[in-house]
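Here is a short briefing on salt bridges. Look at the charged side chains first, then read the points below.

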Amino acid sequence: MAVKYQREENNKLNEKLQSILLQLPEFCEDFFRGIMDIMQIKTRIAYALDLRIFFYYLFNNDSKFKDRKDEKDFTVEDLDTISAIDIEKFSEFLSYYEMPKWDNPEQIVTYSNSQSGKMRKLSTLRSFYKYYYKKEIIKNNPAVLVDLPKLKEKTIVRLETNESADLLDSIETGEFLSERSKKIGKTLSLPQRDLAIISLLLGTGIRISECVGIDISDINFKDDSFVVTRKGGNQAILYMPSEVKEILQVYYNEVRVKIAPVKGHENAFFLSSQKKRISVRNVQMLLNKYTSSVVPLKRISPHKLRSTYGTNLYNETGDIYLVAEVLGHSDINTTRKHYTVVNEDRKRSAAKATKLRKD
């Protein structure tokens, strides 16, 4: 089952988190222990990276800490010596700065942050200070006194119905690929695989991590259902539109069954050209390969395919609760602050209501 894949990925993420924590002051471990059961691992990693920048800034730019040996040589008592003005200066620093990469300290990289990037890092500091203030370990909470940057309302980017059809057609025909790419793709049967992946993302709205984690045993062509492992490791049964089912069956019967995978990847449904389970990065690259030509004015990521599905499903059904359930939103605010549980019949209707290409 895909649970094994998800477990392996979580182990990798936990190893990454532990590596970053080794670069932070020792007292920070209390904070990450405190949020372990309420924050996803990727969120905790983002927090750790943000705090790494914060302590790097303090060590290199704040004269109050000139006697520190390095970024790890801070104590929880130091938090009470930092003012709101200090945090505002940190926010200014985030506009443009240089610092070593977390996984390669010898390499100095230049970074910059948009308003949203600054807001995320300041939000991390708010959570960080809130934890110690709530535990009565520190007396002051200057982070809450600093205003977060105002963000411009983002334009929702998604594919229109005709663009979705053009995307799928371009994969089938190889219209925008070079002759060399067409030849390589045909030899490795990549168009059938790519079509199956993008059709599944477009037609069901699953996350890219859920897509690459699907095993052969997770798909039941008899009742058009398949199992995905959601964030946090929970499993959900979803249903695919008939168009998606047909495309997946062609890929499986004509391509997948003929491949002898690398040991340890035998049950993976989608394989890379190296005969291993396809990676998230592989899917991002193959999607960009097609969308950069089909819709050059739009930056379409796998998540944008998910947004396309959610929008189409809501437009077709008008049922925000169904959208929330099928997309697996755990936060009620994610889908217009509405969330509820729907039964199998209603989830099955989601597959019937979605069209990738007009009849």
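Asp86 and Lys64 form a salt bridge, with their closest N and O atoms 2.9 Å apart. A salt bridge here is a side-chain nitrogen of Lys or Arg within 4 Å of a carboxyl oxygen of Asp or Glu. The model is predicted: local features need pLDDT of at least 70, side-chain atom pairs count only at pLDDT 80 or more, and totals for chains, interfaces and linings use all residues. Residues are numbered from 1 along each chain as its sequence is written, and side-chain values use heavy atoms, leaving out hydrogens and water.

**Asp86 and Lys64**
- The pair links distant parts of the chain, 22 residues apart: Asp86 is in helix H4 (residues 84-93) and Lys64 in the loop between H3 and H4.
- Helices are DSSP runs (H or I, at least four residues), numbered from the N terminus.
- Asp86 is buried at 11% relative accessibility, whereas Lys64 is partly exposed at 38%.
- Buried means under 20% relative accessible area, exposed over 50%, and partly exposed in between (1.4 Å probe, protein chains only).

**Asp50 and Arg120**
- Asp50 forms a salt bridge with Arg120, with 2.5 Å between the closest N and O atoms.
- Asp50 sits in helix H3 (residues 41-61) and Arg120 in helix H5 (residues 115-134), so the pair ties together parts 70 residues apart in sequence.
- Asp50 is buried, at 2% relative accessible area.
- Arg120 is partly exposed, at 42%.

**Glu163 and Lys298**
- A salt bridge joins the side chains of Glu163 and Lys298 (2.8 Å, N to O).
- Glu163 is buried at 16% relative accessibility; Lys298 is partly exposed at 24%.

**Overall count**
- The count comes to 16 salt bridges.

Terms used: Helices (H or I, at least four residues) and strands (E, at least two) are DSSP runs, numbered from the N terminus.
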